[in-house]
Protein chains: 2
Amino acid sequence: MKPAGAEATATLHDVARAAGVSIKTVSNVINGYQHIRPETRGRVEAAIELLQYKPNRAARSLRSGRTDMIGLIVPDLRNPYFAELADDVMRAARELGFSVLIEQFDLDRESELAALRDAHLRGLDGILHSVLTLEPGDAALLERVPVPMVLLGERIFDSSRDHVTMRNTEGAEAATAHLLGIGRRRILALGSHPDEEVGSPGLRLRGYADALAKAGVALDDALVVPVDLWHRADGADAMRAVLDAGVEFDGVVAFNDSLALGALRVLLERGVHVPDDVAVIGFDDLDETRYSLPALSTIAPGRSEIARTAVELLVARIRGTDDGPPREIFTGFSLVERESTVPRR
Amino acid sequence: MKPAGAEATATLHDVARAAGVSIKTVSNVINGYQHIRPETRGRVEAAIELLQYKPNRAARSLRSGRTDMIGLIVPDLRNPYFAELADDVMRAARELGFSVLIEQFDLDRESELAALRDAHLRGLDGILHSVLTLEPGDAALLERVPVPMVLLGERIFDSSRDHVTMRNTEGAEAATAHLLGIGRRRILALGSHPDEEVGSPGLRLRGYADALAKAGVALDDALVVPVDLWHRADGADAMRAVLDAGVEFDGVVAFNDSLALGALRVLLERGVHVPDDVAVIGFDDLDETRYSLPALSTIAPGRSEIARTAVELLVARIRGTDDGPPREIFTGFSLVERESTVPRR
DNA sequence: CTGAAAGCGCTTACAG
DNA sequence: CTGAAAGCGCTTACAG
């Protein structure tokens, strides 16, 4: 029995018969092989058009071992950072002829490992994985993934895998130095993860500390505010707690934009003027930061550059045009100055 | 030559040999066929585990004609509405054993048509298409798509395709009635598309007009504000223009949340108090509306219900468990009352 | 420049 | 309950 829906579909054989050539010749035309007589090519193309022939992807994949599909493993798309990243990845992939299969995971470790485990069962040519909870001990697991893989996000361990990330420490340092530069001295670091040094919270905290040290400002532990999840509600809650505790501060370096936006909301609610009383800077350059009140200054991590670089590297691995040792690529960042750090007085 | 990467991969034959059975029996075990002797099943499972056998998806697809993959065609994921929809669709699909291949299109017609044309070339079992610019004249094109398809979004034409949508007109009517209920009489309708009646702008404008009519309030054309794109910046621009023109109003029904959030920003910037001076309500219930200042009242379209309903219908079409006539399903909505419509005075 | 043929790894009637 | 065999629609050495 033919599979359902296959009744009307023309195959390579049908085209070959209609054009009076062998299926090899049809295949050559489809795949852009050079040395074909123009007249033959014309006959084949006419037959393809006539029969509305579309190559069967499953057959092509089975034979060639390739699917022209890459996986993107990310935490949930409700988080605008990852939605924007997914957009950038899909655009970059499309230019290189690849589709993107997105696999979400929840914020726990188990779910991230499960996504990784499942992904390569889906018949993908390669995987982009935006690392969240993986730890140094997981390096062995990563090496077992049987397809090319590029890790996105923080350099959380030495692994034999390719890695594309931004300079987190330098970014946080620049953000902090920016606030110091407009005269702020009691700057909150919003979003630390105590005891976690390898991920972006630890790297960004280090940048914060570095900037203070260079400016000769002592680090006050009361100003380092741990926030577990980096969603807007968490930033709002943390800011409320800080204000209720009576902590004095005149600046905020939030470790991502969502935290900053949540904090911003609470500051306005409590009548604290931003940026005059408290200057606020975030991290990520979400589309949305341009439209908050006030518009949020932030560190732009070059997300589309990260996406493009990562996709190009992955495709080079898939095609075998790059078989060098694992690469670790750092992308540039920039400080975007908006209203939240430009005091009027 | 074997395809690259296939060297170490065990096949059905390897498993069958290791378990001392035929490949048919292995296939039966994998696909959960009932009548297998427990002992045989045990031997096969042990061999699968031993050889780390993973079924080859391309081969399975080629033979069965199914890919267990559905396509989701949406405008860009930078728009939080579609990012949240994609999240919901992926969760619903996963529960039914399907992966989701997302295809974005830009906001123009050509791009939407191209996405639709390409999607079914990707070897998908079915397609969810979130309609944006398609017109009644495109019905014929839609009918030519050779796989099951469910349309999401507005009922913009009668087609022979399945359709899942919310009650746009009733939603906008409820939003408008809510503002009338708190005593507002000069209510802006933000986001109309003049001369376009079949899409959500037209349906929502009708709901606005219906509510006014029921309350005996005359519709003032000066209060109907056309906005082409429904992004935050467009809402901000439109609100600035309205204020600059000196239009008097005490309420805003924005046709989506992004427009509302952009308008909100400008109102606050200009010192207009929300909700005391102007009450604002949006449409979509984006995650973000809970955290704006003030928190935004909105119409919740039941996005996860839409996603689940659409995925279930599509899967029923794919599996042939539903071969009835095209369905048109309307999902429920609810009005979420937050700070932007609860005046303090 | 083109053809005939093998085979990618499965699922599925068909037999027994 | 299990086996032997055909065949899904391509791509790719191999020949000529």
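**Salt bridges and a surface patch in a predicted model**

User: Is B:Asp220 buried, partly exposed or exposed?
Analyst: The relative accessible area of B:Asp220 is 28%. Buried means under 20%, exposed means over 50%, and partly exposed lies in between (1.4 Å probe, protein chains only). Because of its 28%, B:Asp220 counts as partly exposed.

User: What pLDDT do local features need in this predicted model?
Analyst: Residues are numbered from 1 along each chain as its sequence is written, chains are lettered from A and ligands numbered from 1 in the order written, and side-chain values use heavy atoms, leaving out hydrogens and water. The model is predicted: totals for chains, interfaces and linings use all residues, side-chain atom pairs count only at pLDDT 80 or more, and local features need pLDDT of at least 70.

User: How many residues apart in sequence are the parts that B:Asp220 and B:Arg186 tie together?
Analyst: B:Asp220 forms a salt bridge (a side-chain nitrogen of Lys or Arg within 4 Å of a carboxyl oxygen of Asp or Glu) with B:Arg186, with the closest N and O atoms 3.3 Å apart. B:Asp220 lies in the loop between helix 9 (200-215) and strand 7 (224-226) of chain B, and B:Arg186 in the loop between helix 8 (168-181) and strand 6 (187-192), so the separation of the parts in sequence is 34 residues. Helices (H or I, at least four residues) and strands (E, at least two) are DSSP runs, numbered from the N terminus. The pair therefore ties together parts whose separation is 34 residues.

User: Which helix of chain A holds both A:Asp237 and A:Arg240?
Analyst: The side chains of A:Asp237 and A:Arg240 form a salt bridge at 3.2 Å, N to O. Both residues are partly exposed, A:Asp237 at 44% relative accessibility and A:Arg240 at 27%. They are 3 residues apart, about one helical turn, in helix 10 (residues 232-244).

User: What is the relative accessible area of B:Asp244?
Analyst: B:Asp244 meets B:Arg270 in a salt bridge of 3.0 Å, N to O. B:Arg270 is partly exposed at 37%. B:Asp244, in contrast, is exposed, with a relative accessible area of 56%.

User: About how much accessible area do A:Leu107, A:Leu132 and A:Leu229 have together?
Analyst: A:Leu107 is partly exposed at 33% relative accessibility. Patches are made of residues with over 30% relative accessible area and no salt bridge, joining like charges within 9 Å and nonpolar side chains (Val, Leu, Ile, Met, Phe, Trp, Tyr) within 5 Å. Areas come from the Shrake-Rupley method with a 1.4 Å probe, and for residues only the protein chains shown count as cover. The accessible area of this nonpolar surface patch is about 220 Å².
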